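Take a look at the fold below. This report walks through a sheet and the helices around it.

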Amino acid sequence: MPPSPKPLKGFFLKVVLWLPLAFAIWYYFSILLTTPLRWVVDLLLPAIAPSLFADVLQQGYLLEIVTRLHPVAAPGVPVPYPGASISFDINPLIYGYSYPLFTALATATPTEEGQKWWRWALGIGVLLLVQCWGICFDALKTAVINLGPQLRGQISPDDWPLDLIALGYQFGYLILPAVTPLVLWVGLFRDFVGSLAPALQERSA
């Protein structure tokens, strides 16, 4: 008798039901969740580029990146605040949708509760690093590429290859937030994933 596909259908139904709630909770607590991000990014950016970044501040759910770059006056137009540093905002939420996706997958997985939540916590820790990757490369892209050629004299192009920054940014924006939750779920809940194999084989037959 072939294995029943009901476990697979039941799992996907639970994921669909959990996703809106997980996204709502994640968005509602976005300001609170940004605080540990600020701590980590504030350690990473000045360490990665000490001559480029000075500080990371939090404005609500946004991160304000304070650079060591200074405004350059246009011909005939004085700089309004001489010596002021250039800063810009980054929205970390665009790199954080992996949290509710992984949470919905983990919550829907029928695993013993103690095991489930330590695996979930481990996955969230990895996703925090993934989100920091996206934020750091976004900051590098904005500071080195987007701010314009008038500031290039304050940045050494040899220290920050534009192709490497663009590749790291695209990887952190397009690939990591979408793929990492699925990879983590398969790796951390491989016992349940293995139990779904018969149902998957039956559906593909």
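Contact means heavy atoms within 4.5 Å. Axes are lines fitted to C-alpha atoms, for helices over the stretch in contact, and angles run from 0 to 180 degrees between N-to-C directions. Helices (H or I, at least four residues) and strands (E, at least two) are DSSP runs, numbered from the N terminus.

The model is predicted: local features need pLDDT of at least 70, side-chain atom pairs count only at pLDDT 80 or more, and totals for chains, interfaces and linings use all residues. Residues are numbered from 1 along each chain as its sequence is written, and side-chain values use heavy atoms, leaving out hydrogens and water.

**The sheet**

Three strands make an open sheet in the order β1-β2-β3, with antiparallel pairing. β1 (53–59) and β3 are the edge strands, each pairing on one side only. From one strand to the next, the twist averages 25°. Two strands pair if DSSP finds at least two bridges between them.

| Strand pair | Bridges | Direction | A bridge pair |
|---|---|---|---|
| β1 and β2 | six | antiparallel | L57 and E64 |
| β2 and β3 | four | antiparallel | E64 and D89 |

Strand β3 (residues 87–90) has alternating side chains. F88 and I90 point to one face and are buried (under 20% relative accessible area; exposed is over 50%, partly exposed in between, with a 1.4 Å probe and protein chains only).

Helix α2 (residues 30–48) lies across β1 and β2, at about 180° to β1. Helix α4 lies across β1, β2 and β3 and runs at about 140° to β3. Q115 lies in α4, which spans residues 113–146. At 32% relative accessibility, Q115 is partly exposed.

**Two helices together**

How do α3 and α4 pack, and at what angle? Helix α3 (residues 98–108) and α4 pack at about 165°, with axes 10 Å apart. They are therefore roughly antiparallel (angles over 145 degrees; under 35 is roughly parallel, 65 to 115 roughly perpendicular, the rest oblique). Residues of α3 including F102 and A106 take part in the contact.

**A kinked helix**

Helix α5 (residues 162–188) has a kink of about 50° at L176, shortly before the proline P177. The bend at a residue is the angle between axes fitted to the seven residues ending there and the seven starting there. Both L176 and P177 are among the buried residues of α5, as is L188. The C-alpha atoms of L188 and Q115 are 9.8 Å apart, though 73 residues separate them along the chain.
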